[in-house]
Amino acid sequence: MGEDDTIGFEALKQTLVYWNMDDYPIPVDTTDELDPVFGDILKALDVMGFRNGHIDVYLYSEQINREEAVVDWTLPEMRQTLVYWNIDDYPIPTDDLDPVFGDILKALHVMGFRNGYIDVYLYSEQINCEAIVTNDFLGQGEYYCAFGYKVLDITLYMIRHASCIGPGPANYFVIAKPKRELHRVLHCLQSRRHNVLLVKPPPPDEEFLFSVASLLENARFLGGGKPRFKELYASHASEYDISFEKYVEIKEDVSKMVDFSERIPTVRGPRTAVFWDAVDYPFPPSSTPDEIYHSISSALVERYFSDNITIWAYLDDDDDDKKGSALLGGDKTWTSRIYFLPGGDKASRRIRMLNDMFLLARDSPQCSSYDASLVLFADQFIGAAYYINMLQRLDDIRYHILLVTPTLDINKPETPQWPGLLMDRGAASFALETSKISEAHAAAEEEETPKKLDTHGKLLLETEDMKKPESS
């Protein structure tokens, strides 16, 4: 084999570039012009078979001080692609997954999504597909992993995956019939720099075969347009990782409604975020939004919560409440940070509230332990194992969570004690509630197997005035 002979090769490993600037000076005057240089390196590597789409470049010198030059680079078409497939809407046409996922990869390649690897999330409300965990190398640099979920709603998983995948944003390819919350969450992800593809439903009398041709014909960007590969100029390809968003400040505009349709304003330090089911917990009927905010924020501050407070109130936009419709449909005419959002029926409100909590955690992550509080006014979370598990994930990243559950004797917005009475008699810390669940689970196990030792977590005691724990 001669030195100049061509060798067939392909690799998806990460590529590290080490450049001695003493031996080979960068052929530009300033670091502001690095884009075309590194873009050409990426293109050359792609032709040679090094197709990860991301490089770390280490510029080094014995003489020149370039320690402050830090550049992160990812080609957009090389982003990781996540496929979410609702198998209730579109059953998988065969038991052999390899050709199906292989055709998806081929179609994505034609459309310009050229990572060569996909994660596939198969989900269903009815079929127990949680045992589906498989992966395969299909050759020619193509590889997939598939996972099964039995869930009522997949949108929370989409948000969570958006918060931890990088470098750069991910591509979302969704095979599901349009639903209200799914459509909203996909728009939220799109506004946060993720590419979103949807499969347009075929006519009712046609079967969807999921072939390369059918996927190319029916796949659309969210908002319209059929994607097809076209090589971009290198200067258009720069992406920054999710982890760098903490350096990007989103200024607050009090005249705008903060509805999570785009990244929310940046908050630094201690803060309190309130998520309020305004159907189960009605507000005083004669109060203005500013008066409602003042009453809730004053009660929270009296109970040692941070005075940096934002409130999101969820209404049933399907009912005939004229006041609620005015709050949802008009411009924001009040000055305080209270926002009224459409939530739909009871089950839909619970899904949206949890999704918005995770969007909050993604957009404005806290810097130190338990400096952020989430106060949840709703009666739909305690006792629901799936939702408790998801709240536990917020607790795991050091959010102090307070659950407030209404009862008939305290849910009286017309009384002077509102809303303090709700907090004093209806509130419990999430740590306490989960320890109660663990304790009950342990007791049930002990009853079935008396000799089994109780190894569940220790109980966290509830204080009388529900004071917020001190930051650790």
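**Exercise 1. Does Asn 218 count as buried or exposed?**

Solution. This is a predicted model, so every step rests on computed values.
- Step 1: locate the residue. Asn 218 belongs to helix H5, residues 212–218.
- Step 2: recall the cut-off. Buried means under 20% relative accessible area.
- Step 3: compare. Asn 218 has 12% relative accessibility, so Asn 218 counts as buried.
- Step 4: list its contacts. Neighbours within four places in sequence are left aside; Asn 218 then touches Leu 198, Val 199, Lys 200 and Phe 208.

**Exercise 2. Find how H3 and H9 are arranged, and which residues meet.**

Solution. Two packed helices are described by the angle between their axes and the distance between the axes.
- Step 1: take both values. H3 (residues 155–164) packs with H9 (residues 385–396) at about 15°, and the axes lie 13 Å apart.
- Step 2: apply the cut-off. Angles under 35 degrees count as roughly parallel. H3 and H9 are therefore roughly parallel to each other.
- Step 3: H3 passes H9 in a left-handed crossing.
- Step 4: name the residues. H3 brings Leu 156, Tyr 157 and Arg 160, and H9 brings Tyr 386, Met 390 and Arg 393.
- Step 5: sort these residues. Four are nonpolar, none is polar and two are charged.

**Exercise 3. Why is H3 described as largely enclosed?**

Solution. 
- Step 1: pick out the buried residues of H3. They are Thr 155, Leu 156, Tyr 157, Met 158, Ile 159, His 161 and Ala 162.
- Step 2: conclude. Seven of the 10 residues are buried, so H3 is largely enclosed by the rest of the structure.

**Exercise 4. Which residues point each way from strand E12?**

Solution. In a regular strand the side chains alternate between the two faces of the sheet.
- Step 1: Ile 309, Ile 311, Ala 313 and Leu 315 point one way.
- Step 2: Thr 310, Trp 312 and Tyr 314 point the other way.
- Step 3: seven of the seven residues of E12 (residues 309–315) are buried, so E12 is largely enclosed by the rest of the structure.
- Step 4: find the partner. Six bridges join E12 to E11 (residues 271–277), and the two strands run parallel.

Technical notes
Residues are numbered from 1 along each chain as its sequence is written. This is a predicted model: local features need pLDDT of at least 70, side-chain atom pairs count only at pLDDT 80 or more; totals for chains, interfaces and linings use all residues. Side-chain values use heavy atoms; hydrogens and water are left out. Axes are lines fitted to C-alpha atoms, for helices over the stretch in contact, and angles run from 0 to 180 degrees between N-to-C directions. Helices (H or I, at least four residues) and strands (E, at least two) are DSSP runs, numbered from the N terminus. Angles under 35 degrees count as roughly parallel, over 145 as roughly antiparallel, 65 to 115 as roughly perpendicular and the rest as oblique. A crossing is left-handed if the near helix is turned anticlockwise from the far one by less than a right angle, and right-handed if clockwise. Contact means heavy atoms within 4.5 Å. Ala, Val, Leu, Ile, Met, Phe, Trp, Tyr, Cys and Pro count as nonpolar, Asp, Glu, Lys and Arg as charged, and the others, Gly among them, as polar. Buried means under 20% relative accessible area, exposed over 50%, partly exposed in between (1.4 Å probe, protein chains only). Two strands pair if DSSP finds at least two bridges between them.
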